[in-house]
Amino acid sequence: MAELFIESFRSLVPTYYDQPWRPENGLSRRELEAALDESGVNIPTALADLYLAVGAVEDLMEAYYFIWDPDELEIQDGYLLFMEDEDESLTWGIPTNTISSPDPLVSRRNEKGKWVPMDATVSEYLMDYFEWVHKEILPAIESAENESE
């Protein structure tokens with residue numbers, strides 16, 4: 001696996017947690033391969049690089065929605081599922097006929113079970129997602145919690 005996107009994902013740690021990236025923030029290549037063997041799926045390079053860069057940072061992987069651990073990945077309805085919301089009503093996936101691409105487009109299955117293209121690749125979508133969570137969602141949650149005290 002080439003490391004096309006790994007530096008971008010590594011940058012998330014210092015950007016949002018004010019600490020340098022460390023190797024233990026990511027899964028080792030051996031850990032990732034073992035987990036993928038367990039789940040029985042192949043994944044695109046961008047998703048693999050996410051796990052290698054920050055797959056062990058629970059605060060990122062479960063920042064608001066839940067990015068599945070690599071041993072939990074599954075294929076359903078022709079999509080490789082990799083993320084879901086807290087209510088398990090929305091699921092993000094990658095069309096299985098595109099997972100050989102290093103950075104395929106992401107789709108989301110809505111509450112009605114319909115897949116909708118997100119018009120972003122895996123790396124674009126995840127980087128935008130992390131920015132949205134850390135700049136908008138988490139501050140709003142913190143503000144609401146402070147107001148209720």
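This is a predicted model: local features need pLDDT of at least 70, side-chain atom pairs count only at pLDDT 80 or more; totals for chains, interfaces and linings use all residues.

Residues are numbered from 1 along each chain as its sequence is written, and side-chain values use heavy atoms, with hydrogens and water left out.

**Exercise 1. Find the strands that pair with strand S3 and describe how they run.**

Step 1. Locate S3 at residues 79–84; strands (E, at least two residues) and helices (H or I, at least four) are DSSP runs, numbered from the N terminus. Two strands pair if DSSP finds at least two bridges between them.

Step 2. Begin with S1, which is antiparallel to S3 and joined to it by two bridges. Here Phe66 has Glu84 as its bridge partner.

Step 3. Move to S2 (residues 74–76), which pairs with S3 in the antiparallel sense over three bridges. Glu74 sits opposite Leu81. S2 and S3 make a hairpin with two residues between them, and Asp77 in the turn has a positive phi of about 55°.

Step 4. Finish with S4, linked to S3 by five antiparallel bridges.

Step 5. Check the cover: six of the six residues of S3 are buried, meaning under 20% relative accessible area, while exposed is over 50% and partly exposed lies in between (1.4 Å probe, protein chains only).

**Exercise 2. Follow the pairing onward from S4 to S5 and S6.**

Step 1. S4 (residues 91–95) and S5 (residues 105–109) are antiparallel, with three bridges. Look for Trp92 opposite Arg108.

Step 2. S5 in turn is joined to S6 (residues 115–121) by four bridges, again antiparallel. Ser107 faces Pro117 across this pair.

Step 3. Inspect the turn: five residues lie between S5 and S6 in their hairpin, and Gly113 there has a positive phi of about 85°.

**Exercise 3. Locate salt bridges and place their residues.**

Step 1. Apply the criterion: a side-chain nitrogen of Lys or Arg within 4 Å of a carboxyl oxygen of Asp or Glu.

Step 2. Glu7 and Arg10 meet at 2.8 Å, N to O. Both belong to helix H1 (residues 6–10), three residues apart, or about one turn of the helix. Glu7 is exposed, at 52% relative accessible area.

Step 3. Arg22 and Glu24 bring their closest N and O atoms to 2.7 Å. Arg22 is partly exposed, at 33%.

Step 4. For Glu131 and Lys135, the closest N and O atoms are 3.5 Å apart. These two residues lie about one helical turn from each other because they are four residues apart in helix H6 (residues 122–148). Glu131 is partly exposed at 34%, and Lys135 is exposed at 54%.

**Exercise 4. Which residues form the negative surface patch?**

Step 1. Select Glu38, Glu58, Asp59, Glu62, Asp69, Asp71 and Glu72.

Step 2. Recall the patch rule: residues with over 30% relative accessible area and no salt bridge, like charges being joined within 9 Å.

Step 3. Zoom in on Glu62, in the loop between helix H5 (58–61) and strand S1 (66–67). Its relative accessibility is 40%, so Glu62 counts as partly exposed.

Methods. Patches are made of residues with over 30% relative accessible area and no salt bridge: like charges are joined within 9 Å, nonpolar side chains (Val, Leu, Ile, Met, Phe, Trp, Tyr) within 5 Å. Accessible areas come from the Shrake-Rupley method with a 1.4 Å probe; for residues, only the protein chains shown count as cover. Lys and Arg count as positive and Asp and Glu as negative; His and the chain ends are not counted. The place of a charge is taken as NZ of Lys, CZ of Arg, CG of Asp or CD of Glu.
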